[in-house]
Amino acid sequence: MLSRIWQGRRIPLAWLLLTRQPVRLAVALAGIAFAGILMFMQLGFRDGLFDASVTIHRLLDTDLVLISPRSSSSVSMAGFPSRRLVQAMADPDVEGITPVHWNLLLWRNPDTRSTRSILTLGFEPADPLFTDPSLTPKAKLLQDRGRVLFDELSRPEFGPVADWFRSGRTVESEINGKKIRVAGLVGLGTSFGADGNLLTSHETFLELLPNTPPGSIEVGLIRLRAGADADSLVERLQRDLPDDVSVLTKDGFIAFEQNYWRSSTSIGFIFTLGAAMGFVVGCVIVYQILYSDVSDHLPEYATLMAMGYRLPTLLGVVAREGILLAVFGYLPAYAAGQGLYLLVRNATQLPVSMNPTRAITVFILILVMCMGSATLAMRRLGDADPAEIF
Amino acid sequence: MAAMVHLEGLRHSFGSGVNRRQVLQEISLCVDAGEVVLLTGPSGCGKTTLLTLIGALRQVQEGSVKVFGEELKGASRAARLKLRRRIGMIIQGHNLLRCLTAEQNVQMGADLLQGLSYRARRDRSREWLRAVGLSDHLSKLPHDLSGGQKQRVSIARALAARPQLLLADEPTASLDSHTGREVVELLKGLAKDQGCGVLMVTHDPRILDVADRLVQMEDGRLSKGAFAIE
């Protein structure tokens with residue numbers, strides 16, 4: 001069977017048309033690769049943004065999350081009565097709860113004395129907060145007043161806190177004008193919304209933000225008993241609790257945050273537009289190349305028609321040229337994409353990386369780009385008149 | 001035996017209105033299988049138009065053109081295309097595919113044959129290239145071949161598709177007398193051995209002797225002397 005296909009093969013006209021004009025081929029491949037790289041970068045940034053916006057969310061040790069319906073995102077969380085969390089505890093499926101304060105506070109860089117917003121989470125040091133068990137011993141350090149745990153993955157603009165701390169220095173600074181001391185380091189990670197993170201106790205948090213209404217929290221974590229059905233409990237709690245809270249699953253909480261960045265800001269749109277521009281530029285380049293290729297070879301196509309080659313066969317040649325361009329343009333784009341992602345990761349600490357979905361998406365976009373352009377270029381073939389060859 | 005080509009009262013004109021120009025007038029002609037017919041006449045007298053009409057490259061306007069017994073007047077594109085596969089055309093000028101080697105160009109002709117393996121088609125191409133004396137130039141691009149060599153590749157390509165009818169426009173124009181002679185003998189041998197009909201447009205007085213019949217054309221008409229249809 002295979003040998004029959006092999007024996008039935010024809011002269012690879014599409015391949016020869018492309019490769020016998022190396023300069024034109026190089027220009028075409030450079031154009032396609034450029035478009036591909038542009039799409040990889042823009043889509044990578046966009047997905048990286050959405051991933052990065054939920055760095056903290058993913059770490060939370062929770063099954064369900066209570067938030068205020070007035071909250072729009074992690075950078076503007078509204079408060080709700082912590083009573084609701086206690087009420088949820090009454091459900092037999094609920095095993096444990098953790099009330100969490102969540103707000104952006106002003107951190108003073110201990111080195112340069114300038115201030116910058118830092119995401120601060122306040123919780124009872126005895127309560128579980130993150131799934132990572134290494135936090136538990138460090139949380140004990142927060143039992144003293146005015147102590148914080150500093151995220152060593154925070155951006156350098158917050159000061160050389162981690163270096164100073166490791167070298168044994170006592171690191172003290174101010175938050176919202178109140179003095180605090182760094183009691184330890186944790187590794188959480190930055191996000192688009194927060195350049196740095198801080199953990200502190202419930203008590204210290206209230207001291208830093210004295211205007212917080214009593215009994216008000218921003219996030220309530222609910223852990224379920226093994227085997228409990230999260231979705232049905234979400235429904236039950238939403239029905240039983242008053243309207244001043246929204247009940248979400250952990251995934252729902254992540255989606256809530258990502259959805260904010262996607263729909264309520266223009267960032268998602270901007271990056272998608274950037275990718276679309278790469279697509280359009282690629283289309284124009286490929287169309288130009290294929291169109292002039294067909295035009296240059298028009299007398300030859302006419303000769304083939306005179307010999308008895310059918311038009312669909314010749315259209316197939318142009319289509320194959322499109323496919324070949326797509327494949328050979330994609331490979332360098334993929335390699336360059338990998339390299340640039342590494343560069344971006346190192347420079348911004350954003351979780352930008354090649355994932356299979358995006359690799360396939362970009363390939364399909366390039367294929368559509370090449371085939372669309374090939375289809376447009378094929379119209380030129382209709383001008384080939386075999387009667388003109390004599 | 002039925003004639004391979006049978007023309008009856010063929011007229012053809014280009015343009016319309018005042019620019020209308022009649023190029024063919026009342027042409028009637030037959031070419032039988034195994035016959036070599038030479039068509040001569042001053043340039044611009046409509047010889048090439050006649051070839052394109054017989055070669056099913058152009059719509060027939062008036063009169064009747066029958067090739068292999070099939071009427072071409074009013075024939076669909078698909079029908080004409082199918083017919084073209086049985087007609088070999090040797091065309092003046094540079095109509096080889098520039099990106100293909102001599103061998104690959106000839107194989108584009110052989111590739112039209114159904115049911116032959118790649119190897120068989122390639123061997124066939126090489127054989128024809130050898131027959132036209134180009135066995136040393138198999139992998140040269142048209143760019144590196146002389147005009148005469150290109151012409152011979154073009155001939156090999158037409159023959160590799162195993163045509164039943166051969167239409168040739170000045171096949172010896174860019175060949176020296178020796179190769180020209182060889183090529184014409186080759187075409188003649190093909191006509192005799194395989195019962196292929198050959199219609200050749202030529203100005204070359206050196207090859208007139210291979211013709212079974214000589215047809216003169218002038219101002220869109222076949223001149224009286226050669227008008228004979230048996």
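The model is predicted: local features need pLDDT of at least 70, side-chain atom pairs count only at pLDDT 80 or more, and totals for chains, interfaces and linings use all residues. Residues are numbered from 1 along each chain as its sequence is written, while chains are lettered from A and ligands numbered from 1 in the order in which they are written.

**Exercise 1.** Work out how S9(B) and S10(B) run and which residue stands opposite Glu218(B).

*Solution.* 
- Recall the terms. Strands are DSSP runs of E, at least two residues, numbered from the N terminus. Two strands pair if DSSP finds at least two bridges between them.
- Count the bridges. Two join S9(B) to S10(B).
- Read the direction. These strands run antiparallel.
- Find the partner. Arg221(B) in S10(B) stands opposite Glu218(B).

**Exercise 2.** Place the strands in the open sheet of chain B and name its edges.

*Solution.* 
- Write the order. The six strands follow S6-S7-S8-S3-S9-S10.
- Name the edges. Strand S6 (87-90) and strand S10 (221-222) of chain B each pair on one side only.
- Classify the pairing. The sheet is mixed.

**Exercise 3.** Describe the pairing of S7 with S8 and of S3 with S9 in chain B.

*Solution.* 
- Start with S7 (residues 165-169) and S8 (residues 197-201) of chain B. They are parallel, with five bridges. Leu166(B) has Val198(B) as its bridge partner.
- Go on to S3 (residues 36-40) and S9 (residues 213-218) of chain B. They are parallel, with four bridges. Leu39(B) faces Val215(B) across this pair.
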